[in-house]
Amino acid sequence: MVGIPEVAKRIDTMTRDAKAQALIPETHRLSAMGLCLSGAEQDATNRELENYLKTHYPDVAERYMVGSDTVGSIATASNVGGMVIISGTGSNTLLRNPDGSTYGCGGWGHMIGDEGGAWWISKKAIKTVFDHQDNFSRSKLCVERVWELIQAHFGIKTRLDLLDHCYAKFCKPTYSGLCSKLAKCALEENEPLCRKFFEEAGQMLARSVCALSPRISPALISQCGEVDIVCVGSVWLSWELLEPGFTREL
C-alpha cells in the first residue's frame, strides 16, 4: 500500500508517457479516465483519489471512474456480470450480478488470508520445511529439494538466516517470488512436494468460488447460461499444477 499521493504520481507519469507515444500534448486533458486499481474497494477512498488527481495533476483528465481491479477484470469478459479470481502475489475473488450487486471472498492481505496466492504458496513451503526440521510436523514427502530452493532464492544457508527476510527486511514481492521457483521445479522436475503446494493452492482458489456460489443471481444464469469466471494473476500460469486441486474442490 503506497498511499494516494504515490498512486496519483504514478498515474500522472503513465499518462504523460501514453500521451507522448500518441503525440498528444501533455497539457491536453483526457475527457475521461477509468481506473480499476488494487485496493480501490471503498467509495470514500476512491473519491479522495479522484479529488487528489484533479487538484495536484489537473492536466491528466476531466473526469474519473475509480473502482476495484476485480470489477475491471469482470468487465473485460462480460457486460452483465460474472466472477473473477485474482491470484498473483495475493488472492481475491469477486462476484458481480446483473443488478450491480457485488460479493467478495478474500482480498484481506497476507496477514489474514491470500490463500492460493504466491505469498501463501511461498509461506506454505517455508513453514513445511521449518516444521519438518523442528520435528513439529513431519512431512510425508521429502523436503530437501524445497529447502534448496528456499536457500537459493533468499541467498541463505541456515533457517536463522531466513528470519531477516520474514521480519526485519520483509518484502512481500521478494518473499512471494519463491513461488515461481517452486512452480518451475514442480513442472520441470515433477517434484512431489512442490506439486502438492500448488494442488492445495488450487483447492483454496476453488473454495472461494464455492463460497460465493450461493450469492449468484438467477438472472446471471438466465442471461449467460453459465457463470463466466475470469482468472487473473501470474499464479494462473501454473494452471497445470493448480487444476487437480481446483477441479476436485469444485
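The chain exposes about 14000 Å², and carbon and sulfur atoms supply 53% of that area. Accessible areas come from the Shrake-Rupley method with a 1.4 Å probe; for residues, only the protein chains shown count as cover. The model is predicted: local features need pLDDT of at least 70, side-chain atom pairs count only at pLDDT 80 or more, and totals for chains, interfaces and linings use all residues. Residues are numbered from 1 along each chain as its sequence is written, and side-chain values use heavy atoms, with hydrogens and water left out.

Along its principal axes, the C-alpha trace spans about 60 × 45 × 30 Å. The chain holds eleven helices and six strands. Both are DSSP runs numbered from the N terminus (helices: H or I, at least four residues; strands: E, at least two). Of the 250 residues, 40% are buried. Buried means under 20% relative accessible area, exposed means over 50%, and partly exposed lies in between (1.4 Å probe, protein chains only). Among contacts with a separation of 6 or more, 67% join residues 24 or more positions apart. A contact means heavy atoms within 4.5 Å.

Charge was also examined. The chain carries 26 positive and 30 negative side chains. The centres of the two sets lie 3 Å apart. Lys and Arg count as positive, Asp and Glu as negative; His and the chain ends are not counted. Each charge is placed at NZ of Lys, CZ of Arg, CG of Asp or CD of Glu.

In soluble globular proteins, nonpolar side chains tend to be buried together. A nonpolar core is here a set of buried Ala, Val, Leu, Ile, Met, Phe, Trp, Tyr and Cys residues joined through side-chain atoms within 4.5 Å. The largest such core has 42 residues. Within this core, Ile-121, Val-146, Ile-150 and Leu-182 touch the most other members. Two or more residues come from each of strand S3 (82–87) and helices H4 (118–133), H5 (144–154), H6 (159–166), H8 (178–189), H9 (192–212) and H11 (239–249). H9 gives the most, with nine residues. Leaving out residues up to four places away in sequence, Ile-150 touches Ala-125, Ile-126, Val-129, Ile-156, Leu-162 and Leu-178. Another core, of 13 residues, lies apart from the largest one. Its members include Met-33, Ala-40, Val-60 and Val-66.

An unreviewed UniProt entry lists residues 66–217 as "domain: ATPase BadF/BadG/BcrA/BcrD type". UniProt positions follow the numbering used here, feature names are shortened, and annotations may be inferred rather than shown by experiment. Over residues 66–217, the chain is 53% helix and 13% strand. The end C-alpha atoms of this stretch are 25 Å apart.

Met-65 is found in strand S2 (residues 61–68). Met-65 counts as exposed because its relative accessibility is 59%. Beyond residues up to four places away in sequence, Met-65 touches Met-33, Gly-34 and Leu-35. Met-65 and Tyr-175 are 110 residues apart in sequence, with their C-alpha atoms 33 Å apart in space.

Glu-41 is found in the loop between S1 and helix H2 (43–56). Its relative accessibility is 46%, so Glu-41 counts as partly exposed. Not counting residues up to four places away in sequence, Glu-41 touches Asn-46, Ser-68, Asp-69 and Asn-92. Glu-41 and Cys-185 are 144 residues apart in sequence and 36 Å apart in space, C-alpha to C-alpha.

Asp-161 lies in helix H6. Asp-161 is partly exposed because its relative accessible area is 36%. Ten residues along the chain separate Asp-161 from Gln-151, and their C-alpha atoms are 9.2 Å apart.

Backbone angles were considered last. Most residues other than glycine have a negative phi. Leu-23 is not a glycine, yet has a positive phi of about 60°. Leu-23 is found in the loop between helix H1 (4–21) and strand S1 (30–37). With a relative accessible area of 77%, Leu-23 is exposed. Asn-190, also a residue other than glycine, has a positive phi near 55°. Asn-190 is placed in the loop between H8 and H9.
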